[in-house]
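Here are my notes on the model you sent. Please read them with the structure open.

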Amino acid sequence: PDFGIERVRDAFGVLFAVVATGPIALLAERLGRPIDEDWIEPVTLRWHEAARTIDAVSYDQALSTCDRVARRMGLFHEEYDLALSPVLTRLPPRLGTQGGTQHHLTHAESVDLAFDLFPFTPAMNMSGQPAISVPTGESRDGLPLAAQFSARFGDRSEEHTSELQSP
């Protein structure tokens, strides 16, 4: 389904910054520590700093994008039982080359890097669709491969649950 990947990327940057780093200030207060790289990964700190600059309009637009993605997935699942996508767009990166240890990444750069590597999983997180990423094997070099499946939200209809019940 086409839910506008640019919108999803922007919403991901806003919502994950706010949701993922919201507890940092509370934790810092409880621990009596400053919010710094002595105990927070550099990229997480950049996300926390970005979250502090997000205005209510941007946050509301990001929530609206989640609603749009959920509606599009709902329409998709009216016709199809499952959606299948890769978890990653390429083989997994070397340990330490992606993620929280990269001191030089800004919030925007880490959003771009994340969407370059795993553009399919955030949309399912944002839509509320039931989804699962499962191992599917290994590459020729022994690196893990995985696929993501998503299904109808809240589907408890007899038609779709009867085959799941034991005889």
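1. Val-19, Tyr-59 and Leu-63 make a nonpolar surface patch of about 250 Å². Patches take residues with over 30% relative accessible area and no salt bridge, joining like charges within 9 Å and nonpolar side chains (Val, Leu, Ile, Met, Phe, Trp, Tyr) within 5 Å. A salt bridge puts a side-chain nitrogen of Lys or Arg within 4 Å of a carboxyl oxygen of Asp or Glu. Areas are Shrake-Rupley values with a 1.4 Å probe; for residues, only the protein chains shown count as cover.

2. Leu-63 lies in helix H4 (residues 56-79). Helices (H or I, at least four residues) and strands (E, at least two) are DSSP runs, numbered from the N terminus. Leu-63 counts as partly exposed because its relative accessibility is 35%; buried is under 20%, exposed over 50%, partly exposed in between (1.4 Å probe, protein chains only).

3. This is a predicted model: local features need pLDDT of at least 70, side-chain atom pairs pLDDT 80 or more, while totals for chains, interfaces and linings use all residues. Residues are numbered from 1 along each chain as its sequence is written, and side-chain values use heavy atoms, without hydrogens and water.

4. pLDDT is the predictor's confidence per residue, from 0 to 100. The protein chain has a mean of 88. Confidence is lowest in helix H7 (residues 158-161), at a mean of 60, and highest in strand E2 (residues 131-138), at 96. Where pLDDT is low, the predicted coordinates should not be read in detail.

5. The protein chain has seven helices and three strands. Their order along the sequence is α-α-α-α-β-α-α-β-β-α. Of its 167 residues, 34% count as buried.
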